[in-house]
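Here are my notes for your review. Please read them with the model open.

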Amino acid sequence: MVITVAQNKIHNQAQTITITNKVLTFVGQNGSGKSAILESIFQKYLEDIQSDIRVISFSSGSNECYGELFDKSIRTRRRFAVNNPTDQDLIENAISTFFFDSSWVRMLIFFSCGLKPNGKTAQFLNNKNVITHDANGVDQSTYLDFSLRVRKSYIEKIDYALTQEAIDSQFESIRRTFFHELLSKLIEQVYDPNYEFTDRIVKTKVRFHARDIITSLGNDTNRIFSFLAWASQYEQFVSRHHCKLYFNNLELNDFSDGEYQILAIYALIDLFDTTDTLFLLDEVDSHLYYENVQKLWNSFENITGKVITTTHSADSIILNDFNNIRLVNNGEVAPTLLADTILNRLEALASGLDYKMQIAGKVRYIALVEDYFDWFIFKELSSIKIPNFDPTVFDRIHYIKCPSNWDQTSQEFGGAKVNWVADFKKQNAQPETHRIFLLCDRDNFPLADIGISGLVNRSASRQNRIPIPGQGGNRMAFLLSWKRREIENYLLSHTMLSAHNILQQIQDQLPAASQLIVDNQGDNENVRRLDVKALLQPLYLKDNVTGISTTQRGVDFVKLSLLIREIPANEISEDITNLYNFFRDNL
């Protein structure tokens with residue numbers, strides 16, 4: 001499903017959102033614009049009454065924006081359904097875009113019990129042994145107590161309609177709307193079977209049994225909830241804000257907050273899930289313990305419609321399919337999500353290594369690099385150096401920041417990354433991960449210990465291939481290294497440095513035999529080991545700032561990309577080709 005939505009109150013441009021699987025989950029910090037995007041989608045379909053898509057929006061908290069939009073819409077359209085009908089299409093046009101909040105939960109659960117005896121709601125309640133059915137499977141125990149009334153103004157409208165019908169048999173009477181039809185049947189069922197709309201009904205408490213829903217109101221959920229939306233607006237006919245829902249005399253308030261929340265979502269799915277339904281669910285996992293969070297996401301995977309939801313829950317992020325998660329920033333949805341981004345988001349949501357490792361276990365291909373800066377340069381250089389460069393090689397691999405933390409005297413080369421893999425294995429007995437590439441800075445590591453492909457040679461204390469668990473076998477982590485001191489050394493190009501007037505500063509640090517030459521890769525040990533970071537940083541840092549840490553580089557990536565584009569393919573090291581080929585061949 002592809003949705004194009006207008007600008008929202010945070011992001012001032014239209015954007016296209018693609019839902020490839022059943023679920024799309026927005027993550028982002030408070031104020032990032034997650035709810036604003038959902039509101040924009042909701043408003044789009046609220047205004048488009050001819051759309052083939054049915055939108056069901058639910059917020060567990062109070063969302064005044066949704067409520068105001070929905071109330072305004074149905075208040076405008078209610079003129080055609082109740083007050084003075086003039087267009088038969090609008091008279092019979094049920095609402096197709098709904099907003100539900102906590103005031104609707106009892107009615108949603110109640111109608112789910114009566115209309116969907118085999119649905120998720122009924123199954124949940126059956127498992128708690130709180131409802132009973134007759135031999136035909138009809139719910140005999142669930143009932144709703146609410147207040148009903150018919151005001152004098154409505155009686156007057158009915159009187160007027162009767163008068164006009166007597167004059168003109170084709171008069172588009174309020175009595176012929178489905179609203180009046182369902183109101184009449186409801187009153188006959190719960191108040192007086194002989195009621196004729198000759199007298200008003202003062203506010204009266206009534207009881208509606210789930211077993212009577214279909215015989216009185218039918219089973220068209222759009223019609224039923226359109227009727228209820230109009231009837232309960234300002235509590236003109238039906239009071240939903242103070243109703244009570246009972247299961248064998250057990251009221252819904254006797255359930256936990258988590259059970260209340262999961263029942264609300266189950267009821268929405270039972271009542272509205274079709275192939276053309278789009279659910280917009282804002283933080284539906286709030287108040288849920290892990291067990292119910294798991295039930296929630298499992299239920300979404302089995303629906304026939306689509307779901308867009310938001311979450312702040314680390315448990316929800318872990319239980320989501322990784323490919324269903326999108327980061328929202330300043331009201332804009334990122335088209336894809338990088339593993340490192342979501343792991344940083346998890347770090348803000350929950351402490352503990354297990355959360356990060358469990359989400360990492362959902363990623364098929366991982367590269368552990370110093371930071372995005374390294375990964376970006378590798379990709380840019382590869383795109384120039386490789387004649388048949390395939391960008392999907394990088395698209396399929398998610399980078400994760402993990403420093404090497406290596407020095408010659410006290411640590412094993414790549415030790416921090418190797419330890420990361422060990423922790424990953426502890427937390428993931430059956431991960432979806434097939435490959436983990438541990439790409440390390442060389443620093444002063446011996447060149448002889450690095451193979452042509454970049455694979456670090458096996459030694460007594462070190463393995464270059466580390467098996468990782470998972471079905472099917474042949475899942476591996478590879479210990480790799482640049483052959484140059486660090487990624488910046490691969491930017492040493494005679495042509496590019498000449499253009500920026502710093503070539504001589506580099507040449508002054510190199511012996512005559514190791515000087516940079518036009519159309520030469522400079523693959524010699526003096527170039528490889530040179531410490532060039534301080535000289536190169538002014539070329540790509542924002543505002544020409546130097547001396548900042550590698551974790552806060554302040555890199556201008558547009559400037560960096562343009563800089564790399566000045567490097568001829570012949571002046572890019574063959575190391576880039578060999579490493580690219582190793583990644584490509586192991587996907």
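1. Start at N8. A polar atom of the N8 side chain lies 3.0 Å from the backbone oxygen of G331. The model is predicted, so please read this distance, and every other value here, as computed. The N8 side chain also reaches the backbone nitrogen of I10, at 2.8 Å.

2. Where does N8 sit? N8 is found in the loop between strand 1 (2-5) and strand 2 (15-18). N8 counts as buried, because its relative accessibility is 10% and the cut-off for buried is under 20%. Leaving out residues up to four places away in sequence, N8 touches Q15, A36, I37, S40 and G331.

3. Next, strand 11. This strand covers residues 306-310, and five of the five are buried, so strand 11 is largely enclosed by the rest of the structure. Which residues lie on each side? K306, I308 and T310 are on one side, V307 and T309 on the other, and both faces are covered. Note that K306 is among the buried residues.

4. Strand 11 has parallel partners. Strand 3 (residues 23-27) is joined to strand 11 by four bridges, and the two run parallel. Here V23 has V307 as its bridge partner. Strand 10 (residues 277-282) is joined to strand 11 by five bridges, again in parallel. There L280 has I308 as its bridge partner.

5. Four strands form it in the order 7-6-8-9, with antiparallel pairing. Strand 7 (201-209) and strand 9 (250-251) stand at the edges; each has a single partner strand, so one side of each is left without a neighbour in the sheet. Two bridges join strand 9 to strand 8 (residues 244-247), and these strands run antiparallel. In strand 9, E251 is the bridge partner of Y246.

6. Aromatic pairs deserve a look. The whole structure has 46 of them. One of these involves F100 and F225: the ring centres are 5.7 Å apart and the planes stand at 85 degrees, so the pair is edge-to-face. How far apart are the two residues in the chain? They are 125 residues apart, with F100 in strand 5 (residues 97-100) and F225 in helix 9 (residues 221-232). Both F100 and F225 are buried.

7. There is also a ring cluster. Ring pairs link W375, F378, F389, F394, F437, F478, W482, Y490, Y580, F582 and F583. Elsewhere, a charge meets a ring: the charged end of K44 sits over the ring of Y45, 5.5 Å from the ring centre.

8. Finally, the cysteines. How many disulfides does the structure hold? It holds zero. Take C440: the nearest cysteine sulfur is that of C402, 8.3 Å away, and C440 is in no disulfide. The cut-off for a disulfide is within 2.5 Å. Is C440 buried or exposed? C440 is buried, with a relative accessible area of 0%. C243 is buried too, with a relative accessible area of 5%.

Note on methods
Residues are numbered from 1 along each chain as its sequence is written. This is a predicted model: local features need pLDDT of at least 70, side-chain atom pairs count only at pLDDT 80 or more; totals for chains, interfaces and linings use all residues. Side-chain values use heavy atoms; hydrogens and water are left out. Buried means under 20% relative accessible area, exposed over 50%, partly exposed in between (1.4 Å probe, protein chains only). Two strands pair if DSSP finds at least two bridges between them. A polar contact is a pair of N or O atoms within 3.5 Å; within protein, one must be able to donate a hydrogen and the other to accept it, and residues adjacent in sequence count only if both atoms are side-chain atoms. Contact means heavy atoms within 4.5 Å. Rings of Phe, Tyr and Trp (its six-membered ring) pair if their centres lie within 6.5 Å; planes under 30 degrees apart count as stacked, over 60 as edge-to-face and the rest as tilted. A charge sits over a ring if NZ of Lys or CZ of Arg is within 6 Å of the ring centre and within 35 degrees of the ring normal.
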